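I opened my notebook and looked through this structure step by step. Here is what I wrote down, one entry at a time.

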Amino acid sequence: EGKIYISLLKLPIEENPAAIYIHNVVSGSLDRVTSNTGNYQVSKLSHDGKRLAYSLHKDSKMQLFLSPDDSFSSEPINISESDDSVARGLSWAPDDSMIVYQTRKNWDGDPLDTESWNIFLYDVETKETIALGVGAHPIFGPDGSLLVLMRDGLHRVTLDDSGEYIDTLVN
């Protein structure tokens, strides 16, 4: 469609504040797709290019948003709001059915310290958020049936037949 997704762009003019934009390389237009003000921390476009997930820090709260459709101009759905001030590791499942992300309370300390982060899984269809505990760097496997993440080592998290998450230390 001739569009390029541009994340967290800050232009040097007041009428274009830090936000998330889409650039149409055919028409040359630069369209702002977020209407919120605050500190955008991370954003990811779904694999099919139809939905946008992003985090915003505003008023001492970290909020995670999901655009409801492929127009990106609709008011986003606030899927998480917490006192955590940093969000990272935002990733879509290969089939775009889930989003995994990590948060932590503050900017201080070693960002590589996996014990200072908490991992969450958001189900796009059911709108449920599941806390997976401490850890960092979550990545979906190729078919979305497992997550790989760091805790006290490399862990594999899978969903069993009863709907429970099984956490296995790999090394």
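**Entry 1: a hairpin**

How many residues lie between β13 and β14 in their hairpin? I counted three residues between them. Strands here are DSSP runs (E, at least two residues), helices are runs of H or I of at least four, and both are numbered from the N terminus.

Before going on, I noted where the numbers come from. This is a predicted model, so I use local features only at pLDDT of at least 70 and side-chain atom pairs only at pLDDT 80 or more, while totals for chains, interfaces and linings use all residues. Residues are numbered from 1 along each chain as its sequence is written, and side-chain values use heavy atoms, with hydrogens and water left out.

**Entry 2: the whole protein**

I found zero helices and 15 strands. Of the 171 residues, 39% count as buried. Buried means under 20% relative accessible area, exposed means over 50%, and partly exposed is in between, with a 1.4 Å probe and protein chains only. The protein exposes about 9,300 Å², and carbon and sulfur atoms supply 52% of that; the areas come from the Shrake-Rupley method with a 1.4 Å probe, and for residues only the protein chains shown count as cover.

I also looked up contacts, meaning heavy atoms within 4.5 Å. Among those between residues at least 6 apart in sequence, 27% join residues at least 24 apart.

**Entry 3: the open sheet**

Four strands form an open sheet in the order β12-β13-β14-β15, with antiparallel pairing. β12 (136-140) and β15 stand at the edges with a single partner strand each, so one side of each has no neighbour in the sheet. From one strand to the next, the twist averages 20 degrees; axes are lines fitted to C-alpha atoms (for helices over the stretch in contact), and angles run from 0 to 180 degrees between N-to-C directions.

Two strands count as paired if DSSP finds at least two bridges between them. β13 and β14 have five bridges in the antiparallel sense. Leu146 has Thr158 in β14 as its bridge partner, and Val148 has Arg156. β12 and β13 pair over three bridges, also in the antiparallel sense, and Ala136 stands opposite Met150 in β13. The hairpin of β12 and β13 has five residues between the strands, and in it Gly144 takes a positive phi near 80 degrees.

Which residues of β13 are on its covered face, and which on its uncovered one? Leu147 and Leu149 are on the covered face, while Leu146, Val148 and Met150 are on the uncovered one. I remembered a rule that helps here: in a regular strand the side chains alternate between the two faces of the sheet.

**Entry 4: one salt bridge**

I searched the whole structure for salt bridges (a side-chain nitrogen of Lys or Arg within 4 Å of a carboxyl oxygen of Asp or Glu), and one turned up. The side chains of Arg151 and Asp167 form this bridge, at 1.8 Å from N to O. Arg151 sits in the loop between β13 (146-150) and β14 (154-159), and Asp167 is 16 residues away in strand β15 (residues 165-169), so the pair links distant parts of the chain. Arg151 counts as buried at 14% relative accessibility, whereas Asp167 is partly exposed at 35%.

**Entry 5: a covered strand**

Then I turned to β9 (residues 98-104), where Gln102 has its place. Seven of the seven residues of β9 are buried. Met98, Val100, Gln102 and Arg104 are on one side, and Ile99, Tyr101 and Thr103 are on the other. Gln102 counts as buried because its relative accessibility is 3%. A polar atom of the Gln102 side chain lies 2.6 Å from the backbone nitrogen of His137.

β9 pairs with strand β10 (residues 118-123) over six bridges in the antiparallel sense. I noted Asp123 in β10 as the bridge partner of Met98.

Most residues other than glycine have a negative phi, and most peptide bonds are trans. What is phi of Asp96 near? I found a positive value, near 65 degrees. Asp96 is in the loop between β8 (86-92) and β9, and Asp96 is buried at 13% relative accessible area.

Lys127 is not a glycine, and its phi is also positive, about 65 degrees. Lys127 is in the loop between β10 and β11 (129-134), where Lys127 counts as exposed at 52% relative accessibility.

How values were computed: Polar contact = N/O pair within 3.5 Å; in protein donor to acceptor, adjacent residues only side chain to side chain.
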